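Please examine the sequence and the model shown below.

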Amino acid sequence: QQVRVILHESIFDQATTAGRHCGAEAEKLIHALLRSSTAYIYLTAYDQALERCEALREAARQAHRPADEAKGWKSTGQVRDAQRRFEEALAAYEQALNCLESGAFPALRGLVLKNWGCIDFECGRHVQAATRWQESLRLLQDSAPEEMAGVLNNLAVLEIVRGRQEEAWSLYERVLALEGPGGRDAILALWNMGMLRADQERWDEALDLYKQSLEKSRQMCYLAYQPSLELNMAEALLGKGDLAGARRVCSSALRWYRRLDDALGVADASRLYGRLCRLEENWEDSSVYLERSVQINRQFG
């Protein structure tokens with residue numbers, strides 16, 4: 001999937017350059033800039049993404065297309081959020097809303113509020129997050145099902161934080177009903193449902209939900225999800241007392257994290273692997289893996 005995104009980034013950059021030189025209509029230029037910025041965000045090339053976002057906003061202003069300018073600000077907010085520069089992200093989302101007249105473009109307004117609520121949640125402002133997500137859900141009611149599914153997933157996480165597991169479960173079931181057999185939010189819903197069952201020590205149910213989520217993520221090429229799902233599966237197997245199965249799955253997660261160059265993921269997998277070695281009374285390997293996990297976490301503060 002990353003190879004496809006790199007190709008798309010190159011193609012849309014070429015389309016942007018061609019559009020500028022030949023005087024292509026604004027709609028095509030704006031579309032190319034939007035897709036290019038999205039590809040750079042996916043690749044975590046944030047400086048390039050911000051450049052495309054700025055160019056998108058300028059092109060939209062010149063063409064008097066407020067919704068496209070708002071999209072440029074929304075993408076800028078996503079970049080700043082990924083960089084954990086929350087104040088700048090919120091300022092970008094506020095600019096996005098300011099571009100839209102009251103009552104105009106409700107779906108776009110709903111998506112901005114969804115992202116804004118995520119920052120509120122991250123910063124512990126749960127009441128504000130809930131308010132924004134409920135308003136987002138209202139604005140997205142006539143949109144594509146997957147847009148509503150994303151908000152429902154967020155609200156479900158909020159219910160878990162509040163200790164209301166049954167309410168969260170009902171919200172996840174609504175996500176699955178909206179997205180059917182596919183979709184990114186269906187993957188996340190099944191994953192989180194698995195974690196709910198694991199919290200209840202219903203290990204077999206948790207494993208079944210994790211396996212469904214993992215299979216869907218492979219079908220849709222969301223390969224970055226695989227190691228984290230496998231780590232959850234290893235913990236469930238550990239809960240069942242299946243040390244051999246847990247070791248096998250944890251080893252796979254560790255390999256995937258290394259392949260994806262995810263250092264903190266390696267730290268998480270190393271910690272669990274060290275715990276497994278300790279339960280097997282393999283003290284030497286346990287010390288090696290646990291110390292590696294500590295060392296990586298120290299490097300990242």
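**Cysteines, a helix pair and the chain**

Cys 118 has a relative accessibility of 28% and therefore counts as partly exposed; buried means under 20% relative accessible area, exposed means over 50%, and partly exposed lies in between, for a 1.4 Å probe and protein chains only. The model is predicted, so local features need pLDDT of at least 70 and side-chain atom pairs count only at pLDDT 80 or more, while totals for chains, interfaces and linings use all residues. Residues are numbered from 1 along each chain as its sequence is written, and side-chain values use heavy atoms, with hydrogens and water left out.

With 0% relative accessibility, Cys 277 counts as buried. A search of the whole structure finds zero disulfides.

The next topic is a pair of helices. Two packed helices are described by the angle between their axes and the distance between the axes. Helix α5 covers residues 86-99 and helix α6 covers residues 106-122; they pack at an angle of about 160°, and their axes are 10 Å apart. Axes are lines fitted to C-alpha atoms, for helices over the stretch in contact, and angles run from 0 to 180 degrees between N-to-C directions. The two helices α5 and α6 are therefore roughly antiparallel, a term for angles over 145 degrees.

On the α5 side, the meeting residues are Phe 86, Ala 89, Leu 90, Tyr 93, Glu 94, Ala 96 and Leu 97; on the α6 side, they are Arg 109, Val 112, Leu 113, Asn 115, Trp 116, Ile 119 and Glu 122. Contact means heavy atoms within 4.5 Å. By class, this contact of α5 with α6 has 10 nonpolar, one polar and three charged residues.

Asn 115 lies in helix α6 and is buried, with a relative accessible area of 14%. Apart from neighbours within four places in sequence, Asn 115 is in contact with Lys 74, Gln 78 and Tyr 93.

The chain as a whole has 15 helices and zero strands; helices (H or I, at least four residues) and strands (E, at least two) are DSSP runs, numbered from the N terminus. Buried residues make up 47% of the 301 residues in the chain.

Methods:
Parallel < 35°, antiparallel > 145°, perpendicular 65-115°, else oblique. Nonpolar A, V, L, I, M, F, W, Y, C, P; charged D, E, K, R; others polar. Disulfide = S-S within 2.5 Å.
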